[in-house]
Amino acid sequence: MLSQLNSYFSSFISLGAPAMMFFIITLLSLLFRVKISKALEGGILMAVALTGMGAVISLLTGAFAPALNKFVESTGVSLSITDLGWAPLAVITWGSMYTLYFATVCIIINVLLLSLKRIKTLNVDLFNIWNISVIGLLTLYYSENNLILTTFVVGVIYILMLVNSDVMQPQIKKLLKYDQNSITTTAHPSLLICPPVLMVNELISRFIPFIDKYDFDAEKLNEKIGFWGSKFAIGV
């Protein structure tokens, strides 16, 4: 069953993130009665953004690869694990028949929680289900193919992601200076680090408050360092 479903969607998945998100964003916009011109504009903007991000990552990888190879040659360092980055890992993960299953579970959970009015986030970034799939595949491997346990782990993490997305939405709007009517938010597993970070921040404010007097952000640090903190120096 899973292998058949996976084969049906394989051609769509093989289009890559930009094309997938173009179709998904456009169709979802049309479902919410957005004008077709605006729906197409939103889908194209998403595709362009993902394409540009991928191009920059490829450019950096190509630029640094020769230097890293020379580093290995000159130092004699021999490493057995290669960090491929997120792009190849996403493609590999989408190649698993279980990813479509995890995506279905996540969609059902999202729709159910929205229907019950427990959350406000509708996660439209279907491509990024691969992040959840990695967690699911690792759970499946270490639990000796226990699909019930794996489904439970994926479900719990996805619920936490959606709740976290609801909570973060006002702050995202403020930080990115979005319009007050903006509904933009993000549901990504990496952002689950925010609640623990906020707890650490609260502890620092209570017990070592003098640290709050110092500004450690990148902009202030660059001002202190001067030229060596500039983008030009980093580029060189």
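## Overall make-up

Helices (H or I, at least four residues) and strands (E, at least two) are DSSP runs, numbered from the N terminus. By that rule the protein has ten helices and zero strands, and its elements run α-α-α-α-α-α-α-α-α-α from the N terminus on. This is a predicted model, in which local features need pLDDT of at least 70 and side-chain atom pairs count only at pLDDT 80 or more, while totals for chains, interfaces and linings use all residues. Residues are numbered from 1 along each chain as its sequence is written, and side-chain values use heavy atoms, with hydrogens and water left out.

Along the principal axes, the C-alpha atoms fill a box of roughly 55 × 50 × 45 Å. Of the 236 residues in the protein, 24% are buried; buried means under 20% relative accessible area, exposed over 50% and partly exposed in between, with a 1.4 Å probe and protein chains only. Contact means heavy atoms within 4.5 Å. Among the contacts with a separation of 6 or more, 62% are between residues 24 or more positions apart.

## Helix H2

Helix H2 covers residues 17-31. Its end C-alpha atoms are 21 Å apart, which agrees with the 21 Å that its 15 residues should span at 1.5 Å a residue; the expected span is 1.5 Å times one less than the number of residues. The buried residues in H2 are Ala17, Met20, Met21, Ile24, Ile25, Thr26 and Ser29. Just after H2, Arg33 has a positive phi of about 65°.

Thr26, in helix H2, has a relative accessible area of 7% and is therefore buried. Neighbours within four places in sequence aside, Thr26 is in contact with Ala39, Leu40 and Gly43.

## Helix H3

Helix H3 holds 40 residues, 36-75, which should span 58 Å at 1.5 Å a residue; its end C-alpha atoms are 57 Å apart, in agreement. H3 has a kink of about 35° at Ala65, shortly before the proline Pro66. The bend at a residue is the angle between axes fitted to the seven residues ending there and the seven starting there.

Ala39, Gly43, Ala47 and Leu50 are the buried residues of H3, and what covers them includes H2. After H3 comes Gly76, with a positive phi near 75°.

## The largest nonpolar core

A nonpolar core is a set of buried Ala, Val, Leu, Ile, Met, Phe, Trp, Tyr and Cys residues joined through side-chain atoms within 4.5 Å. The largest one has 25 residues, and Phe127, Ile132, Tyr158 and Leu162 touch the most other members. At least two residues each come from H2, H4 (86-94), H5 (97-115), H6 (129-142) and H7 (147-175). H5 supplies the largest share, six residues.

## The largest pocket

On a 1 Å grid over the protein atoms alone, a pocket is an open set of points where a 1.4 Å probe fits, with protein on both sides within 12 Å along at least five of seven lines; lining residues have an atom within 4 Å of a point. The largest pocket has a volume of about 1,200 Å³, a volume being the space filled by probe spheres set on the points, which are joined across faces, edges and corners.

Its lining has 31 residues, of which Ile25, Leu122, Val124, Thr184 and Thr185 lie nearest the centre. H2, H3 and H7 are the elements that give two or more residues to this lining, and H3 gives the most, six residues.
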